[in-house]
Amino acid sequence: MDALAISSVPIFVDFRKDTWMQTLILSFQSLGVIYGRLSTAPLYVLESIEPGDISSPDEMHELFSFIFWTLTIIPLLKYAFIVLKADDDGEGGPFSLYSLLCRHAKVGLIPSNRGSGKILNHEEDEISSASSKGKSENKARKAIEKYKSSHYLLLFLALFGACMILSDAVLTPAISVLSATSGLGRSLAKISRVFSSDKTKDHVANALKKYVPTPVACAILVCLFTLQHHGTKRIGCLFAPIVITWLIFISGFGLYNIIHYDAQILCAVSPVYMLRFMKKINLRHWKLLSSIVLCIAGSEAMFADLGHFSKKSIKITFICFIYPVLLLTYAGQAAFVSKNLGADGAFHLSESIPNRSLEHIFAVLSLFASAVGSQATITAGFSIIHQCQALDCFPRVKVVHTSDKIFGQVYVPDANWLFMTLSIAFTIGLHDISHLGKATGLAVTAGLLVTTCLMSLVIALYWEKHLLASLCFLLFFGSIEAIYLSSTLTSFFHGAWCLIILFLFFMTIMAAWHYGTLRKYESDVENKVSIEWLTDYSPGLGVSRVPGIGFVYSDVDMGIPAFFTHFITNIPAFHQVLVFVTFKTSPVPYVHASRRYLIGRVGPKEYKIYRCIVRYGYHDNVRDTDDFEDQIISSIGEFIAKEDYDHEALNSPEGRMIILGAPSNDGNGLITVAETSSSECTLSFAASGSRRGLLDASSGSGGSPPVNRKRVRFMLPPKSPQMRATVRQELEEIIDARESGTAYFLGQSHLMAREGSNLFKKLLVMTYVFLDKNSREPPVALNIPNAALLEVATVYKI
C-alpha cells in the first residue's frame with residue numbers, strides 16, 4: 001500500500017499547552033533568557049561609536065531615527081509578525097527553516113534521510129502534496145529541486161546561519177560583560193578620587209579604569225557559564241526580575257533625559273531624518289551604522305530560542321514591554337548625548353544618569369544585567385548545536401534536557417565550556433568594546449540576512465505564496481540588512497576580523513563532520529551486500545546459528561552492512577534471531593511515539609531476521625534509554641502478530657514493513673514482565689509507550705535512579721491459544737532467544753584520504769578523524785554492557 005494511505009496520523013506532535021497561564025509564565029521567563037540581550041544593548045550601542053565621529057546634535061537625531069526604524073522593522077515587523085509564524089513545530093532558527101524546505105522540496109543532503117525515504121516515500125511530504133492537489137506546480141520548487149548546486153547552497157546557508165549564532169554566543173557575553181565592568185571601573189575611579197591624595201588620584205583613577213574591567217569581566221563570565229546547567233526555566237526565573245528592574249531603571253532616567261535635555265528628539269521618529277543622513281553619506285557616516293545595528297543584537301534569539309518558549313509569549317512580551325521601553329531608553333540617551341557631545345564619556349549610558357548618587361547602583365545593576373544579556377545567545381547556541389548534531393552536521397556531544405514539559409529546553413555541557421573559553425579569550429585578547437562591537441555587529445547582520453534568504457524560500461515553497469510576495473520580503477528586509485552588513489565590513493580591520501576566525505573555526509568543524517559522515521554513509525551503502533548473500537550463500541560457508549538475539553547497528557537500511565559480512569566471513573556464526581537496527585533522522589523536531597519504529601522482515605520467515613528502522617526528530621532523545629532493545633523486541637512481536645492482516649503495511653524491496661510504536665490493546669503482541677529489585681513483577685502489554693516514557697524509562701519512581709539495571713522478560717499474551725500456530729511458534733522462539741542472551745554488533749567505519757588527494761580533502765578527512773576520536777561514543781553504545789558488545793572496524797579510503 002502507498003505511504004499516503006497511512007499518513008492520517010502526523011509524524012510529530014506539539015507537547016506545549018498554549019494556555020494563558022502558561023503564556024504568562026513563559027513570557028516572564030523569556031525576559032530573563034531571550035530579551036536580556038536586547039535589553040542590555042544600550043550599554044554598548046552608542047559607546048562603540050568613536051566620540052569624534054559625531055559632529056553635531058543633528059547627526060545624533062538622525063542616528064536615533066535609524067535606531068527607531070531599525071527596531072521597528074527588524075524585530076517587530078520581521079520577527080514578531082512574520083518569521084515567528086514559520087516555526088517548525090515550535091522550533092526556530094536557521095536549521096528549522098532548512099528542515100521545512102527539506103520536507104517541502106527535495107533539497108535535503110542529510111545522509112540519514114536518504115535510504116528510508118525510499119520506503120516511507122517521505123510520508124509527511126505526501127501529506128503536503130495530497131493537500132495541494134489541483135494546484136499548479138510551483139515553478140520555484142521545480143527549479144530548486146532540479147539543480148544540485150542549489151541544494152548545497154541551501155545547506156551552506158543553514159550552516160552559515162548556525163555559525164553566526166554560535167559566534168554570537170561567544171562574542172555577546174564578552175561585549176556585554178565588558179561594557180558593564182567598564183562602567184564599574186569608571187565608578188571606582190570616581191570613588192578613588194575622593195579618598196586619594198592630589199598627587200596620586202589621577203594615577204589611581206586611570207589604573208582602575210584600565211585594569212579593573214577585563215579581570216572582573218572574566219570572573220563574571222566564569223560565573224555566568226557555570227550557572228548554565230540549571231536549565232532555561234530556573235535561569236529564566238532567576239534572571240527575569242533583574243531584566244525587569246534594569247529596564248524600568250534605564251527607561252525611567254531615559255524619560256527624564258528627554259524632558260530635561262532635548263524633547264525634540266521625539267521628532268526624529270520621522271523617516272525624514274534618515275533620508276537627510278543618507279543624502280550626506282560618506283565613509284565616516286557609513287561606519288556609524290555599524291554601531292547602530294547593535295541595537296537589534298538579540299533579535300535572532302527571538303526565533304532561535306523559540307523551542308524554549310512559545311510564539312505567543314515571545315510576541316506579547318516584545319510588543320507590550322520590550323519595544324516601548326527600549327525606544328524610551330534610546331531616545332533619552334540620544335537626547336543626553338546631543339547636548340553633551342564634548343563631555344568626557346558622554347556616549348556611555350552611565351553618564352546619562354541624572355542623579356550622581358544613583359551611578360553606583362547603576363554600576364552594580366548593569367553587571368547583573370550584562371550577565372543576563374548574554375543568556376539569549378548562549379541558549380540559542382545550545383539549541384543550534386542540538387539541531388545540527390541530530391542532522392549529522394556537528395560532532396556527537398552530550399545533550400541534557402532540562403525540562404520534561406518543554407522539550408526544546410536543552411543544555412550542552414561541552415559547548416558551554418567551549419563558549420566560555422573562547423569568550424574569555426576574546427575578552428582578554430581585545431579588551432576593547434569598540435572592536436568587540438564591530439565583530440558582534442557583523443555576526444548579527446550576517447545572521448539576519450541568512451534568515452531573510454531562507455525565509456523568502458519558505459514563503460514561496462512552504463506557505464506557497466506568490467513568488468512576488470517572496471521577492472518583496474527578500475528585497476525589503478534584505479536590502480536593509482545588506483546596508484548594515486556593508487557598514488560593518490568597513491570596520492573589518494577594527495575588530496570585525498574576529499568573526500572570521502570564529503566562523504572558520506565553527507564552519508571547519510561542521511563542514512568536516514558533515515563531509516565525513518556523508519562519505520562514510522556512501523561507502524557503507526556502496527559496500528553493502530544483498531540479503532541473498534546471507535540467506536543463500538552463507539550455508540555453503542558453514543555458517544551456524546547460535547542461541548540468543550543479535551542486534552546489528554548500522555546506518556544501512558537495506559541489505560547487509562559490510563562490517564557484518566566481514567564478521568561472518570571470519571566467524572561463521574550468528575544468532576538464531578537477528579535484528580538489523582538503523583536510526584534515521586526525520587527533518588522534524590519530534591517524531592510521534594506511535595510512528596517511531598518501522599519493522600519488517602529480512603528474507604524468509606524461517607531465518608528469523610528482522611529489520612527495525614527507528615525514526616527520530618532533531619529534538620528527540622530516544623537512544624539514551626536502558627530498555628530500548630526491549631521496546632524493539634516488543635515491536636517485533638507486534639509485527640509478527642499483525643504481519644499477515646495489517647492493511648496499512650508499506651512495501652519495500654525487502655518485503656512488507658509496518659509502522660509501530662503505539663500501545664497495543666488487542667493483546668496480540670508480547671507481554672513484558674518487569675522484574676524489580678524487590679523481586680516483584682508487573683505486567684503490561686508491550687509497546688513503545690509515550691515519548692515521556694522514553695525519556696524517563698530508566699529513572700525509577702520519584703525520579704531517583706534505580707540501584708540495578710531493570711531486567712525485562714517476555715511472555716505470550718493470555719489469548720495466545722487462539723493464535724495461529726505459526727505466529728505462536730515464532731513468538732515463542734523470540735522469547736526463548738531473549739532468555740538465551742543478547743549480543744550487540746556495532747560497526748566502526750574509519751576514513752582515510754587516498755594518496756594523491758588534494759590538500760583541502762586531506763584537511764577535511766583529518767579534521768573528521770580527529771573529531772570522531774574525541775567526540776562522544778555513538779549513543780547506541782552508551783548503555784550496552786561491554787561484555788555483550790562486539791565492535792567490527794572497517795577502513796574506507798576515499
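At 0% relative accessibility, does glycine 332 count as buried or exposed? Glycine 332 counts as buried, since its relative accessibility is 0%; the term buried denotes under 20% relative accessible area, exposed over 50%, and partly exposed in between, with a 1.4 Å probe and protein chains only. The structure is a predicted model, in which local features need pLDDT of at least 70 and side-chain atom pairs count only at pLDDT 80 or more, while totals for chains, interfaces and linings use all residues. Residues are numbered from 1 along each chain as its sequence is written, and side-chain values use heavy atoms, with hydrogens and water left out.

The chain has 798 residues, of which 60% are buried. Its secondary structure consists of 27 helices and 13 strands, taken as DSSP runs (H or I, at least four residues, for helices; E, at least two, for strands) and numbered from the N terminus. Among the contacts in the chain with a separation of 6 or more, 84% involve residues 24 or more positions apart, a contact being heavy atoms within 4.5 Å.

Glycine 332 belongs to helix H15 (residues 311–339). Its C-alpha atom is separated by 7.8 Å from that of serine 251, 81 residues apart along the chain. Apart from neighbours within four places in sequence, glycine 332 is in contact with Gly254, Asn257 and Ile258. Lysine 312 has its charged end over the ring of tryptophan 20, 4.7 Å from the ring centre. For such an arrangement, NZ of Lys or CZ of Arg must be within 6 Å of the ring centre and within 35 degrees of the ring normal. The charged end of arginine 276 likewise sits over a ring, that of tyrosine 273, at 4.7 Å from its centre.

Helix H19 comprises 29 residues (433–461), which at 1.5 Å a residue should span 42 Å; the end C-alpha atoms are 42 Å apart, in agreement with this value. The expected span is 1.5 Å times one less than the number of residues. Because 25 of its 29 residues are buried, H19 is largely enclosed by the rest of the structure. The N-terminal end of H19 is capped by aspartate 432, a side-chain oxygen of which lies 3.0 Å from the backbone nitrogen of serine 434. Glutamate 464 has a positive phi, near 55°, and counts as partly exposed at 30% relative accessibility.

Threonine 488 is placed in helix H20 and is buried, with a relative accessible area of 0%. A polar atom of its side chain lies 2.6 Å from the backbone oxygen of leucine 485. Threonine 488 is in contact with Ser290, Val293, Gly441, Leu442, Thr445 and Ala496, leaving aside neighbours within four places in sequence.

Outside the four places on either side in sequence, phenylalanine 95 touches Ala158, Leu159, Ala162, Gln387, Cys388, Leu391, Cys393 and Met510.

The structure contains 27 aromatic pairs. Rings of Phe, Tyr and Trp (its six-membered ring) pair if their centres lie within 6.5 Å, and planes under 30 degrees apart count as stacked, over 60 as edge-to-face and the rest as tilted. The rings of phenylalanine 95 and tyrosine 98 are edge-to-face, because their centres are 6.0 Å apart and their planes stand at 75°. Both residues lie in helix H4 (residues 94–104), three residues apart, and both are buried. Phenylalanine 564 and phenylalanine 567 form a stacked pair, with 6.0 Å centre to centre and 25° between the planes. These two residues are three residues apart in helix H23 (residues 562–570), about one helical turn, and each is buried. Ring pairs link Phe564, Phe567, Phe574, Phe580 and Phe745 into a cluster.

Key: Polar contact = N/O pair within 3.5 Å; in protein donor to acceptor, adjacent residues only side chain to side chain.
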